[in-house]
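This briefing goes through one protein model by topic. Please look over the sequence and the structure below before reading on.

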Amino acid sequence: MFLFFSYQKWFPYEFERREPFISNGPLIWCFYPVFGHAGASYFLGTSELTFGTLLLAGFWDKRLGILGALGSTGTFIATVTIIPFMPEGWDVSAGGFPAMTGNVPFLMKDVVLLAVSFYLLRQDVVRLIRQ
């Protein structure tokens, strides 16, 4: 997942697609003032590539897996916190929450990926302690 999503962040078409996510993210809104649109996308792409590589390296070295899982957990905490702040994320004509609309359904996958990240972190910590 990280490898596919990080790849997209390196192209101009993706810079503008990040706008509603980054602008409404309570933990990442500052990326645009600090890095600009392209820089924010590059930063996210580099982070995702790094965390994905560390998760893969965790098969051989649990310490690297722990670093990857920590980064992954942080990434998905940041994206899950966007959900309540996404404009027009709940379909008013359907009664609002939990009727998702717009970008919210895309972000919902991150709830599951956050749980997976916690699980991987726990597994790598347990394996490292047992060594």
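Threonine 79 touches Leu107 and Asp110 once its neighbours within four places in sequence are set aside; contact here means heavy atoms within 4.5 Å. The model is predicted, so local features need pLDDT of at least 70 and side-chain atom pairs count only at pLDDT 80 or more, while totals for chains, interfaces and linings use all residues. Residues are numbered from 1 along each chain as its sequence is written, and side-chain values use heavy atoms, with hydrogens and water left out.

**Threonine 79**

- Threonine 79 belongs to helix 5, residues 62-80; helices (H or I, at least four residues) and strands (E, at least two) are DSSP runs, numbered from the N terminus.
- Threonine 79 counts as buried because its relative accessibility is 18%, where buried means under 20% relative accessible area, exposed over 50% and partly exposed in between (1.4 Å probe, protein chains only).
- The side chains of threonine 79 and aspartate 110 are joined by a polar contact of 2.8 Å. A polar contact is a pair of N or O atoms within 3.5 Å; within protein, one must be able to donate a hydrogen and the other to accept it, and residues adjacent in sequence count only if both atoms are side-chain atoms.

**Overall fold**

- The protein has six helices and zero strands.
- Its C-alpha trace spans about 55 × 35 × 20 Å along the principal axes.
- Of the 131 residues in the protein, 37% are buried.
- Among contacts between residues at least 6 apart in sequence, 57% join residues at least 24 apart.

**Nonpolar cores**

- The largest nonpolar core has 13 residues, and those with the most contacts inside it are Ile22, Ile28, Phe31, Ile82, Met86 and Leu107. Such a core is a set of buried Ala, Val, Leu, Ile, Met, Phe, Trp, Tyr and Cys residues joined through side-chain atoms within 4.5 Å.
- At least two residues of this core come from each of helix 3 (19-24), helix 4 (31-57) and helix 6 (104-130).
- Helix 4 supplies the largest share of this core, four residues.
- Another core, of five residues, lies apart from it and includes Phe2, Phe76, Leu113 and Leu114.
- Beyond its neighbours within four places in sequence, isoleucine 22 is in contact with Ile28, Trp29, Phe31, Tyr32, Ala40 and Leu44.

**Helix 6**

- The buried residues of helix 6 include Leu107, Asp110, Leu113, Leu114 and Asp124.
- These buried residues of helix 6 pack against helix 3 and helix 5.

**Salt bridges**

- The protein has five salt bridges, each a side-chain nitrogen of Lys or Arg within 4 Å of a carboxyl oxygen of Asp or Glu.
- Glutamate 14 and arginine 18 form one of them, with the closest N and O atoms 2.5 Å apart. Glutamate 14 is buried at 2% relative accessibility, and arginine 18 is buried at 12%.
- Aspartate 110 also meets lysine 109 in a salt bridge (2.7 Å, N to O). Aspartate 110 is buried at 3% relative accessibility, whereas lysine 109 is partly exposed at 25%.
- Arginine 127 pairs with aspartate 124 in a salt bridge whose closest N and O atoms are 4.0 Å apart. Because they lie three residues apart in helix 6, arginine 127 and aspartate 124 are separated by about one helical turn.
- Arginine 127 is partly exposed at 40% relative accessible area, and aspartate 124 is buried at 7%.
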